[in-house]
Amino acid sequence: RNHIFGPLPGAKKEKERLKEREKEAREREARSSNGHLFTSLTVSSTTLCSSCNRSITAKEALSCPGCNVTIHNRCRDSLASCAKMKQKQHKLAIVRNSSALQNVTMRAKTPMMKERPNSAIYPSDLRQSLLGSRRVRSGLSLAKSVSTNNIAGLSLTDPSNCLRRILSHSTESLNFRNRTLSMESLTDDVEWWWNPLLEQLQAEGVCVQADSWSMAVDPNFLQTLHKDVIRQQDVIYELIQTEFHHVRTLRIMEGVYRRGLQEEVMLEAGVVHSMFPCLDQLLELHTNFLSQLLTRRKEGLAEGSSNNFTVRSIGDLLVRQFSGQCAEDMKKLYSEFCSRHPKAVKLYKEVLARDRRLQQLIRRVCRGPLLRRHGVQECILLVTQRITKYPVLIQRILDNTKGNEQESQALRKALQLLKDLIGSVDQKVLELDRARRLQEIQARLDPRAQAEVQGGGVFRGGELLRRRLVDEGPLLWKVQGSRMKDVQVLLMSDILVFLQEKDQKYTFASLDKSPVVSLTNLIVRDIANQERGMYLISAATPPVMYELYASTKDDRRSWMTRIQKAALSCPSRDEFPLIETEDKALLRRLRADIQQKDREVLELLQERVTLFSDLVEATGREEEVNASLRNLFRADTPHAPQAEPILVAAIAEGETNEDDVKRRGSKELELRPLAPLASQEPDDQLDGLLEGNEEGVEVMKVSPRSDSPRDLQDIPEESECGTEPS
């Protein structure tokens, strides 16, 4: 009947389902390898293979969602087993182990239970098949924990002893496995090298454990204060608490992650610095600020109490922190840190994806509750956000400060200083981002790309790095006829540059006009009846007009405003030529290198002065420093110039010459009698001396020596000076 009328509809559907299952099974086997379940993935050109550490193209990338590895298609067999699959198998083994142990302990006979014959448990004809079927089971089953050699050696004449020995072997094996698992759990709680740091942070954080100031002080002390004072102290306490948390984050970055990357992961110092830029300076800056805040808290303690305190004034402290040298340091440090934030996070992710030592370190570190909330990415983000939290807290302190005009004025000044500081940091971060973006564009520019400019000359890609990038974005350039060309416009400090992208490379737009437009005397006009169009008219001879179109009306208005503003601040061509000659380019690079070296030398000298001042303070606590010795810089190496003996000899020689001058002057004064000068006026005394000089009496005569450290001519007499020369 099936041959005549064909197969039934149900049988056909069943065959299709079986084929689909077989196809899915084959695809799963093709995508799985060593426990990994790979899926195709589109990646960027900077992604590296976790197996061979080479770059991956978009067509051959595979990713395992279990362990987050990305590899080539050809490297799938060389990759180690999936870590997540191992964890699943480990958890499944623990569950089976516990269930098997429960079954063993629950098989104790009860009085109401009828005893079964031993032959029913292990019949001789089914023993081999039973053991064979149990051997193929996976996990921690009861039969697998029993050795077949021990079973073969059991006496079949005593089935009760046989069963007893089997159960005893099983129980011992299970107990051994439980002991092994318990030892593994103990190794998770071992003392790591970062535990002392965490204990120290926990001990230091006792003073800011309470959620608010109202909960930190005694209720009786709280009832004696006005509600405005309570609200003000709550905000000040929140400032101290958040500053402590910020310092704690910096210390975790410095004492746990940076140390781990250097000592355990063995990363290069440059890579670690790229992840945590200027970390030491930030830690020192905020540690000093926190110590000043805690000092104010200590000064406000009530008599006979260790937790009842009120901070009477904080405005002067905030003004000092956000002005002067502290403000300059914060501007410099936060500008650098915030501008490197995306690059640092990206670098950390790349290293984490390919370095197993870093993966193991992060896995161990994140077992604790504190470090689990403070991962590397979270710490970097918290540092970048800290400077934006101060204005909110200071504004709340100002709102709750009443009846103290001097404190309110100091808080307003600190708030304005902080807003200016944040604006400067934002501007600096924007400039650094644009500088890096300009370097990326120049790196993607075709090395052979060049463009002719009006007035003669060839503009090459190296000319871009001389300038500052103001803005960039896509526009439409209308050429002959009605054709529109997509161009990437670079608004520089003195020019406009039109680029086109081809094969992931930039080239200068080779259209009917020059792709480089000078901003000197550039005219910007909108197009009538075209809300998205604008004209750019250059001041060349003859003038050249460019017709550009933006995506929206607001975008066109924004472009016109920025171009006009850049044209007003454009430098003259005498100061900044459009194209730089090779000699001038070489001089510019040499000057830039010299300035960079000068900055490095300045930083080293400042650090050295700080070290010497610390040394002076340390030695001054033990013994009094002689005021006559002012040896700030000393050279202890035998090859360095020994300036100290030369200076000491020069000082001794000067003192000897000084004594000679005094002695010779006193002898010459005895040759001519003088009237008592005490009875005369100062002018008369001076006239008497001048008269003596007119008579030809030589008051003082010194022959300067060639090896003298100072020129000793025209030194006044002892009677005129009255004191020794310094």
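A salt bridge is taken here as a side-chain nitrogen of Lys or Arg within 4 Å of a carboxyl oxygen of Asp or Glu. The structure is a predicted model, in which local features need pLDDT of at least 70 and side-chain atom pairs count only at pLDDT 80 or more, while totals for chains, interfaces and linings use all residues. Residues are numbered from 1 along each chain as its sequence is written, and side-chain values use heavy atoms, with hydrogens and water left out.

**Stop 1: salt bridges around arginine 437**

The structure holds 24 salt bridges. Select glutamate 440 and arginine 437, whose side chains meet in a salt bridge (3.5 Å, N to O). Both residues belong to helix H21 (residues 405-444), where, being three residues apart, they are separated by about one helical turn. Helices (H or I, at least four residues) and strands (E, at least two) are DSSP runs, numbered from the N terminus. An α-helix has 3.6 residues a turn, so residues three or four places apart point the same way.

For solvent exposure, buried means under 20% relative accessible area, exposed over 50%, and partly exposed in between (1.4 Å probe, protein chains only). Glutamate 440 is partly exposed, at 44% relative accessible area, and arginine 437 is partly exposed as well, at 24%.

Glutamate 472 is partly exposed, with a relative accessibility of 21%.

**Stop 2: a salt-bridge network**

Select Glu463, Arg466, Arg467 and Asp494, which are linked in a network of salt bridges. Within this group, the side chains of glutamate 463 and arginine 467 meet at 3.6 Å, N to O. Is glutamate 463 buried or exposed? Glutamate 463 is buried, with a relative accessible area of 10%, and arginine 467 is buried at 5% relative accessibility.

**Stop 3: glutamate 547**

Move to strand S15 (residues 545-549), where glutamate 547 lies. Glutamate 547 counts as buried, at 17% relative accessibility. Its side chain makes a polar contact with the side chain of tyrosine 549 (2.5 Å). A polar contact is a pair of N or O atoms within 3.5 Å; within protein, one must be able to donate a hydrogen and the other to accept it, and residues adjacent in sequence count only if both atoms are side-chain atoms. Leaving aside neighbours within four places in sequence, glutamate 547 is in contact (heavy atoms within 4.5 Å) with Leu476, Trp477, Lys478, Ile527, Met534 and Tyr535.

**Stop 4**

Select strands S3 (residues 39-40), S4 (residues 61-64) and S5 (residues 69-72). They form an open sheet of three strands in the order S3-S4-S5, with antiparallel pairing. The edge strands are S3 and S5, each pairing on one side only. Two strands pair if DSSP finds at least two bridges between them.

S3 and S4 pair over two bridges: threonine 39 stands opposite serine 63, and serine 40 has leucine 62 as its bridge partner. S4 and S5 pair over four bridges, with cysteine 64 opposite valine 69. These two strands form a hairpin with four residues between them, and asparagine 68 in the turn has a positive phi of about 60°.

In a regular strand the side chains alternate between the two faces of the sheet. In S4, Ala61 and Ser63 point one way and Leu62 and Cys64 the other, and all are buried.

**Stop 5: the nonpolar cores**

A nonpolar core is a set of buried Ala, Val, Leu, Ile, Met, Phe, Trp, Tyr and Cys residues joined through side-chain atoms within 4.5 Å. Which residues of the largest core touch the most other members? Of its 78 residues, these are Met253, Tyr257, Phe276, Ile314 and Leu318. Helix H11 (residues 227-263) gives the most to this core, with 14 residues. Apart from it lies another core, of 25 residues, among them Leu475, Phe498, Leu536 and Cys570.

Return to isoleucine 314, which touches Ile236, Leu239, Leu293, Arg296, Glu407 and Leu411, not counting residues up to four places away in sequence.
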